[in-house]
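I opened a new structure today and kept notes as I went.

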Amino acid sequence: MGMEYVNSERIQQFIVYNIGYEACDPGHSWSYALPDRYLLHYVFSGKGILRVNGKEYSVDAGSAFLIGNKFSYYEADGKTPWKYAWLNMAGSPVKDFLEKSGLTEEEPIYRTKSPELVEKYFLELLKLKNKDDFMVYSEVFGLLSVMLKTGEKYGMNHDRETVNYVESACDFIA
């Protein structure tokens with residue numbers, strides 16, 4: 001029986017640049033595009049809007065939204081501004097993981113059946129900010145695994161190979 005390992009070349013293409021947190025003022029807005037990067041925002045509380053591809057999306061607590069190569073505008077609600085964390089990543093594996101979770105530039109909103117699990121990983125990542133890179137990557141892969149399994153679109157955009165890949169990456173890091 002042969003042993004199966006994670007494709008290390010693919011893992012090496014997975015880059016985490018930074019993570020952060022913002023408690024926005026009412027009406028606070030931001031706009032930009034990130035060439036070759038993926039900026040994943042997770043909303044802890046409050047609400048706001050995202051405009052991309054000529055569409056406007058309402059985003060509220062327990063949801064995530066993606067900023068990528070396309071020009072995007074987002075704005076905190078005037079009465080209930082959001083508090084969110086972001087994760088800035090790059091590499092072809094990132095795009096693949098996000099797509100399997102149902103997140104693309106054409107469908108930039110992620111909703112989960114288990115917001116407490118996704119939130120747990122983002123909070124842990126915020127604690128690790130500027131600390132141990134090894135632990136950051138471990139938590140990021142854990143987050144992506146949870147997103148694959150708990151997204152409202154689960155079953156529509158994933159395949160067993162991708163889930164196995166994420167789980168293998170988590171096992172490899174652990």
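The entries below cover ring pairs, charges over rings, and then a sheet.

**Entry 1, the model.** I note before anything else that this is a predicted model.

A pair of aromatic rings is described by the distance of the centres and the angle of the planes. I took Phe14 and Tyr137 to begin with. Their ring centres are 6.3 Å apart and their planes stand at 65 degrees; over 60 degrees counts as edge-to-face, so I put the pair down as edge-to-face.

I then asked which parts of the chain Phe14 and Tyr137 tie together. Phe14 lies in the loop between α1 (8–12) and β1 (15–23), while Tyr137 lies in helix α4 (residues 133–150), so the pair ties together parts that are 123 residues apart in sequence.

Are these two residues buried or exposed? Phe14 is buried, with a relative accessible area of 3%. Tyr137 is partly exposed, and its relative accessible area is 24%.

I turned to Tyr32 and Tyr74. Here the ring centres lie 6.3 Å apart and the planes are at 70 degrees, so this pair is edge-to-face. I placed Tyr32 in strand β2 (residues 29–32) and Tyr74 in strand β7 (residues 72–76), so the pair ties together parts 42 residues apart in sequence. Both Tyr32 and Tyr74 are buried.

I also looked up which residues cluster with them. Trp30, Tyr32, Phe65, Tyr74, Trp82 and Tyr84 form one aromatic cluster.

I found Arg37 over the face of Tyr17, at 3.5 Å from the ring centre. I also found Lys120 over the face of Tyr121, at 4.2 Å from the ring centre.

Strands β2 and β7, which hold Tyr32 and Tyr74, sent me to their sheet. Four strands form an open sheet in the order β2-β7-β4-β5, with antiparallel pairing. I asked which strands stand at the edges. They are β2 and β5 (55–60); each has a single partner strand, so one side of each is left without a neighbour in the sheet. On average, neighbouring strands of this sheet are turned by 15 degrees against each other, direction ignored.

I ended with strand β4 (residues 47–52) and its partner β5. The two run antiparallel and are joined by six bridges. In this part of the sheet I noted that Val52 stands opposite Lys55 in β5.

Conventions. Residues are numbered from 1 along each chain as its sequence is written. This is a predicted model: local features need pLDDT of at least 70, side-chain atom pairs count only at pLDDT 80 or more; totals for chains, interfaces and linings use all residues. Side-chain values use heavy atoms; hydrogens and water are left out. Rings of Phe, Tyr and Trp (its six-membered ring) pair if their centres lie within 6.5 Å; planes under 30 degrees apart count as stacked, over 60 as edge-to-face and the rest as tilted. Buried means under 20% relative accessible area, exposed over 50%, partly exposed in between (1.4 Å probe, protein chains only). A charge sits over a ring if NZ of Lys or CZ of Arg is within 6 Å of the ring centre and within 35 degrees of the ring normal. Two strands pair if DSSP finds at least two bridges between them. Axes are lines fitted to C-alpha atoms, for helices over the stretch in contact, and angles run from 0 to 180 degrees between N-to-C directions.
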